[in-house]
Amino acid sequence: MLLLPILGDQLSPSLASLCGAPRSGSVLFMAEVMDEARYVPHHKQKLALVFSAMRHFAEERRAEGWQVDYRRLDDPNNLGSLDSEIRAAAARHGASHIRMTEAGEHRVRALQATIEGATILEDDRFLVSPAAFTAWRGLRKRLRLEDFYRWQRRETGILMEGDTPVGGQWNFDAENRKPLPPGLVPPPPPRFAPDAITREVIAMVEARFPKNFGTLARFHWPVTRSEALAALADFTRHRLPHYGDYQDALAHGEETLFHALLSPALNLGLLTPRELIDVALAALSAGSAPLNAVEGFIRQILGWREYVRLIYLAEGPEYLRANMLGATRPLPAIYWQGESGMACFDAAFTQTRDLAYAHHIQRLMVLGNFALLAGVDPHALHHWFLIVYADAYEWVEAPNVIGMSQWADGGLLGSKPYAASGAYIARQGNHCRHCRFDVKAKTGEGACPFNRLYWDFIARNEPHFASNPRMGRILESWRRFPPARKTEVRADAARFLATLA
Ligand code: FAD
Ligand code: SF4
């Protein structure tokens, strides 16, 4: 008897450990366990999503003829941890062998390693293997997303004509920064009504995790592969054509713009990255989406998503403790309660609470940027981001927060910090017109808090930026401030920071 334990984010019929396994003579084993549900107090929607998708996956495999042993969270005999559940299942079924696919997170990999005699297969649902990345990295002086992305374009032939990028440019980033023009209304993403399984899971989450962050009333995530495919088709048809243009936009009253909202399904394994890329390439060939949209989308999947995972795996658990700028401020209460008075922040907070989703620019340039400027402990912010999003798994969340957003790794992932004053937020959208703060004012009570903090952040971290060529111009500007203005700016920032609970 072969035991095939499947983890909650391994919901892919093509999973390495399932491939080639005989249906007769194998038991597919899945368990909802408290240790995983509680290692951070996940958003209620994340819990409901994972448990519902697991239950649907188990039902689908049963219907295909697999023998499935499924342990529910509310089973009185549930042992509470993955490793003890796997050991007990092996004994129950008299398994002569256990075969698993490697987990995505260091923490779960360490658990898998304790299971005696188990074979652990590499997770091949990604496009680049850790071994190929290590070999490539070994040949390079610097580590940059753009170099990685070009390497992968060449390796895979995606968006290539021979050795030349399609359209003559590797990336169209400069064309992907438009604010949303008045009158253009982004089509809303599809909403998947909870079925009986999801409704039962939602009730269980409400009953067992009543104090967790977030609300469940607007739970509409795809929970099966067929729903995820429908979400992908809807995105390709209705939002991909404008994805490139408004990728970096912020708009008041618009929660999702032209984004895909596919990360929760993708990270669970309901879709594969190659499927997303192929669908975008097909839209380009059919003339239904322009090159700047398709390239912009593919860069996120083939570039960023692969890149952050490989850095997470290569750098090991130590990466989570990085704090290059020595930031120590506890996470301000506005991250849990909202009501900051900042229109951009409160919009991102509210939809995070109600949808377990915020798009990239909200995460990076509003929520992340504010914490960076305020000097919040990157580990506290990492913990928050891991809790609040439906797509949050440490392998993708931690490098985005610690590396990209907080520059706590000292520039390993990004060449300069994503720090910006209110002017950036004003340029990308219309939140400022709905805000009680004045984005044009630099200091004082009514001034935009991003402005009040920006130069203080630069001044505070001057020694860290001194040798960074990409920070040279900013530092020069700060150094040209008259001394009295410098003192006033720093005192004003201190006054604002003192108001942050
Ligand atoms: P789209 O904008 O439509 O992008 C398409 C796809 O590209 C996404 O579904 C995602 O799979 C991929 N992608 C885009 N940007 C990134 C990126 N920087 N890293 C990895 N994949 C990317 N993504 C997560 O999946 N989980 C997280 O926990 C997470 N935390 C983040 C925290 C911070 C501070 C930042 C700045 C980014 C984070 N991201 C995370 C990356 C990105 O913001 C989300 O993947 C994206 O917002 C998901 O929404 P979408 O599907 O609508 O994305
Ligand atoms: Fe955000 Fe500042 Fe604009 Fe208000 S004024 S919305 S705080 S950038």
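**Close-up views of pockets, domains and cavities**

**View 1. Lining of the second largest pocket in the predicted model.** The lining comprises 13 nonpolar, 4 polar and 5 charged residues (Ala, Val, Leu, Ile, Met, Phe, Trp, Tyr, Cys and Pro are nonpolar; Asp, Glu, Lys and Arg are charged; the others, Gly among them, are polar). The second largest pocket holds about 430 Å³ of space. Of its 22 lining residues, Pro-189, Pro-190, Arg-191, Thr-256 and Leu-261 are the closest to the centre. On a 1 Å grid over the protein atoms alone, a pocket is an open set of points with protein on both sides within 12 Å along at least five of seven lines, a cavity is a set where a 1.4 Å probe fits but cannot get out, and lining residues have an atom within 4 Å of a point. Grid points are joined across faces, edges and corners, and a volume is the space filled by probe spheres set on them.

**View 2. Domain 1 against domain 2.** An automatic or database assignment gives domain 1 (2-121), domain 2 (130-189 + 239-315) and domain 3 (334-498). The C-alpha centres of domain 1 and domain 2 lie 31 Å apart. Contact (heavy atoms within 4.5 Å) joins 12 residues of domain 1 to 8 residues of domain 2.

**View 3. The largest cavity.** The number of cavities of 30 Å³ or more is 5. The largest cavity has a volume of about 380 Å³. Among its 23 lining residues, Gly-8, Asp-9, Glu-36, Val-50 and Tyr-393 are the closest to its centre.

**Conventions.** Residues are numbered from 1 along each chain as its sequence is written, and chains are lettered from A and ligands numbered from 1 in the order in which they are written. In this predicted model, local features need pLDDT of at least 70, side-chain atom pairs count only at pLDDT 80 or more, and totals for chains, interfaces and linings use all residues; side-chain values use heavy atoms, with hydrogens and water left out.
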